[in-house]
Amino acid sequence: MARTRRPAYTSSQMATNAEFAVSRLASVNPSTGEVLGELDSAGPVEVRAAVAGARAAQADWDARGISDRVRVLTRFQQILLARKTDVARRITEETGKPTVEALLTEVLVVLDAARFLIDNAFAILREQKLSHGNLAMKSKSGRILQEPYGVVGIISPWNYPFSIPATETLAALVAGNTVVLKPSELTPLVALELQTLLRGAGVPDNVFQVLPGDGATGAVLVSSEIDKLVFTGSVATGRRIAEIAARKLLPVVLELGGKDPMLVLEDADLDVASGGAVWGAFMNAGQTCLSVERCYVHQSLYPAFLDACCEKARKLRVGNGIDPATEIGPMINERQVRVVESQIEDAKQRGARVLLGGARLRECGPTFFAPTVLADVDHTMRVMQEETFGPVLPIMPFRDDAEGVRMANDSEFGLAASVWTKDRAHGQRVARQIKAGTVMVNDVVSCFSISEAPHGGVKSSGLGRTHGRWGLEEMVRVKYLDSDRIPRMKKIWWFGYGGGFAGEMESFVDLLYASSLREKIKAGFRSVGSLWRRKL
Ligand code: NAD
């Protein structure tokens, strides 16, 4: 079941195709170890050809107009709806997640993203008149055009192999871009499923292309002639990409890792909050960017909250995601399991107590990990600082809201957070103090399925936004089109300075900004001579 390994590729230069010649990817079902398919990795030649093809196809795609592209999205939505069960099953096979999660957190999210774009793309992207308040420029009429970048590169991770690249792709396409997608090397088949759906909806071959491959293929795509990059993945890879992008001023959106805090306030509903903690920490086997990575509980609730979480987590059914009874599937691979193991070991050595789990469930398979609840954790531990990305719920008490907020903000990450309370106003007050791209009050993760809501982080969690109007606007360049209404008039600020011009212009500035009407009128008289000045 080993995937083909190659040395990490970090250079911004194009590799030679020879380095890629023998490279093949194996897609493996993490629940069973079954090889689902083998594919050739795309090398520099394929990447260049794909980007060139995408560039050649872009003008025609753009020329079709938004209404026509919205019709394509509508067909895509209908095809996906009809094929939802197959697509969810394919996602489960390649990631291990329960099929119901594949349906709700992937297929449904994409159906809704399509709905949002179908309903709103035209209104958001249409040409608009720009009014302005500068008296000196009153002869000018402005328009805002939102033009596609051209070729958008998308590099995506394995944990949501359908919803992440699909939502980004739909936004890029509807705006008139063509797309070259480099999916995770762990989930190429789901990306090819997306390609099949889009082709079925009428997206031409070169308008959307998938390039299977690992980081090396991704690095070549970053260095290629794309016009914009939307990257979702780890902070380490994001930083590497940002360095290369900076050198060539490639605009990027970076959706990176998180260490999402959950704050359970003194007035929280214990049963609801513990249910939210267990779901937020363990869904998708904890491999979710928006999640519960660390949990802070008011000290008055701490012992009861620990008990409630353990009781709920103990009941979770771990197994192959294809079984409808399964609630937690396997982790994606051995490497990810070892990260989790080493963080738990570090926490134990520093005094954490493992209340539940803490080890693999080898009877289920090599990468199944027991839902784990940790108590007595603190911020010296890696499990409270680094992204865990596994089914681990570390829980720590706090004394009051101020301390809880301090703890939540004590992190290099700022993707999302959640606040739990029976008092919404209280929750919103606390939520406003948390430094994150998204804060939910009394829920977690589910905001990803609100297509109107922006998604993205602050601090090391990334740059830019996907989803909603903000995600759509990332796919266009804003152009300002200005036209003068009096084409036969020379402008008063053109050459021909000297004489009283400087004084007249001082008066003109006073006319614009003096606070009293009397001053304005006086300044107006003093400046009026400039209108008849001789210009070059
Ligand atoms: P990763 O960074 O290892 O890989 C992500 C993608 O980048 C893959 O397609 C990979 O092949 C590619 N890649 C690797 N090296 C590259 C390079 N040098 N140049 C170009 N591309 C390269 O991340 P992963 O393990 O696939 O995903 C898990 C991470 O993604 C976690 O940190 C998680 O928090 C994050 N994530 C963030 C969001 C978000 O929206 N903020 C969503 C999902 C996952």
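Predicted model: local features only at pLDDT ≥ 70, side-chain atom pairs only at ≥ 80, totals over all residues.
A polar contact here is a pair of N or O atoms within 3.5 Å; within protein, one atom must be able to donate a hydrogen and the other to accept it, and residues adjacent in sequence count only if both atoms are side-chain atoms. Residues are numbered from 1 along each chain as its sequence is written, and side-chain values use heavy atoms, with hydrogens and water left out.

**Around the ligand**

- The ligand has 30 residues around it, and K182, E185, S234, E387 and H455 are the closest; a residue gets onto this list if one of its heavy atoms lies within 4 Å of the molecule.
- E185 puts a polar side-chain atom 2.6 Å from a ligand oxygen, and S234 also has a polar side-chain atom 2.6 Å from an oxygen of the ligand.
- On its own the ligand has 850 Å² of accessible area, and the protein covers 92% of that. Accessible areas come from the Shrake-Rupley method with a 1.4 Å probe, and for residues only the protein chains shown count as cover.
- Three elements, α7 (215-223), β8 (228-232) and α8 (235-247), each give at least two residues to the ligand's shell.

**The protein as a whole**

- The protein has 16 helices and 20 strands, taken as DSSP runs numbered from the N terminus (helices: H or I, at least four residues; strands: E, at least two).
- Its C-alpha atoms fill a box of roughly 90 × 60 × 45 Å along the principal axes.
- Of its 536 residues, 56% are buried. Buried means under 20% relative accessible area, exposed means over 50%, and partly exposed is in between (1.4 Å probe, protein chains only).
- Take the contacts between residues at least 6 apart in sequence: 72% of them link residues at least 24 apart, where contact means heavy atoms within 4.5 Å.

- T187 sits in the loop between β6 (178-182) and α6 (188-200). Its relative accessible area is 1%, so T187 counts as buried.
- Beyond its neighbours within four places in sequence, T187 touches E94, T95, P157, W158 and P161.
- Q58 belongs to helix α1 (residues 44-63) and is buried as well, at a relative accessible area of 15%.
- Leaving out neighbours within four places in sequence, the contacts of Q58 are P148, G150, G176, N177 and T178.

**Positive phi in one loop**

- Most residues other than glycine have a negative phi.
- N442 is not a glycine, yet its phi is positive, at about 70°. N442 lies in the loop between β17 (438-441) and β18 (458-459) and is partly exposed, with a relative accessible area of 31%.
- V445 also has a positive phi, near 65°, and is in the loop between β17 and β18. With a relative accessible area of 9%, V445 is buried.
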